[in-house]
Amino acid sequence: MEDDFLAGFGANFGSSSERETQKIQKISGGEFDKFSKSVLEALVKDNVPPIPTNYRIYFEKMLDSQTMTFKKRITEMMELDSKQEGKQVVIEKKVKKSFSALNILLQDMAMIYKNTEVIKEMIAKRMSELSINSGNLALNATLGAMQIDIDRYLALLSRYTYDIKEKFEEVSHTYKSIEEQSDFDPIFEIYNKKFLLHTLELCKEGYEKYNYQNTIVLFRIKDSVLSKLADTKDKNILLKNIAKIISKNIGKGDILAHYQDGIFMLLLQHCNIQNARKIIEGLIDRIYNTNFFISSVEVDMNLEVVMSLIKDDLSIDKLLDKMIKMLNTTGKDSQNFAVLD
């Protein structure tokens, strides 16, 4: 059993550093093997084709019901994927930050050029005044020479400004290309609308062809809560907090995205409405049991939540439109969430 993967599970793991350096020589038998088989059995039972994507979703969902020790060990092995995904988010954020810095630099250059033009006009005006009032030819000659120097400087500055503007437009074009391909929302650091809409279309196709059960859930903080926060920055902090809580309390195979205007969309993959109800009830309870403090003031959270199974009888746009219209029928004082049939 020394080389068996099962040896890695149980009470006597050894120290953290030992675990990190442990090499897995063989993956067979034991708890891991049983778990892997149970994932496959669940897929077959639900009539879901055991292709890699489906297997991963079921694997991650079923992992949540395992013991903490088992889950921790497997999670460590899966961290490489999440780190890679996190790296992509960091790179996108740095690219966007660099673009913003370039934009500011161009604005500063334009301001320098504009102010230099103002100085040139002022010198011309003073020369005109001096020639009229004093007739001092030497002084006029000095100012004339200065004006010629400024003209040369302006010509040079104009050339460099043109070059910078040209390069900036190239950077801007590249940035737009990156932004179009981006799957992440830079503000809330979760998936963006484009990515999730594409995924929802695949879910709709999955229902049509294989009867896949995927549930979409919309979350929105009530206006009565957000309207008490005058500062946009504070509103975004509160929205970010909600996004973080949802992200931390969903299965690894599920997807959270920012749709628009503070509406978050949660895709529960291979999850029917009955199971989605239980998940969302628990999630809402967790959110309402969390204390939110914005600028030292406690916020009484109130959420609007609507869920629906993704089927093929409606376009994704119409489905989301109907769900959004139902949002205001929910809340802490009425029903915690609504289900669109």
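Contacts between residues 24 or more positions apart make up 68% of those in the protein with a separation of 6 or more. The model is predicted. Its chain holds 10 helices and nine strands. Of the 341 residues, 36% count as buried.

Leu102 belongs to helix 4, which covers residues 68-133. Its relative accessible area is 33%, so Leu102 is partly exposed.

Helix 8 runs over residues 232-248 and has 17 residues. From its first C-alpha to its last, helix 8 reaches 24 Å, close to the 24 Å expected at 1.5 Å a residue. Its buried residues are Asp234, Leu238, Leu239, Ile242, Ala243, Ile245 and Ile246. At the start of helix 8, the backbone nitrogen of Lys233 has a side-chain oxygen of Asp231 within 2.7 Å.

The protein has 10 salt bridges.

| Salt bridge | Distance, N to O |
|---|---|
| Arg56 and Glu60 | 2.9 Å |
| Lys222 and Glu304 | 3.0 Å |
| Lys325 and Asp321 | 3.4 Å |

Arg56 and Glu60 both lie in helix 3 (residues 52-63); because they are four residues apart there, about one helical turn separates them. Arg56 is partly exposed, at 45% relative accessibility, whereas Glu60 is buried, at 4%.

Glu304 and Lys222 also form a salt bridge, with their closest N and O atoms 3.0 Å apart. This pair links distant parts of the chain, its members being 82 residues apart. Glu304 sits in strand 8 (residues 303-309), and Lys222 in the loop between strand 3 (215-221) and helix 7 (223-226). Glu304 counts as buried, at 5% relative accessibility. Lys222 counts as buried too, at 16%.

The pair in helix 10 (residues 316-326) is Lys325 and Asp321, which are four residues apart and therefore separated by about one helical turn. Lys325 is exposed, with a relative accessible area of 59%, and Asp321 is partly exposed, at 38%.

Conventions. Residues numbered from 1 in each chain as written. Predicted model: local features only at pLDDT ≥ 70, side-chain atom pairs only at ≥ 80, totals over all residues. Heavy atoms only, no water. Helix = DSSP H or I, 4+ residues; strand = E, 2+ residues; numbered from the N terminus. Buried < 20%, exposed > 50% of the residue type's maximum accessible area, 1.4 Å probe, protein only. Contact = heavy atoms within 4.5 Å. Expected span 1.5 Å × (residues − 1). Polar contact = N/O pair within 3.5 Å; in protein donor to acceptor, adjacent residues only side chain to side chain. Salt bridge = Lys/Arg side-chain N within 4 Å of Asp/Glu carboxyl O.
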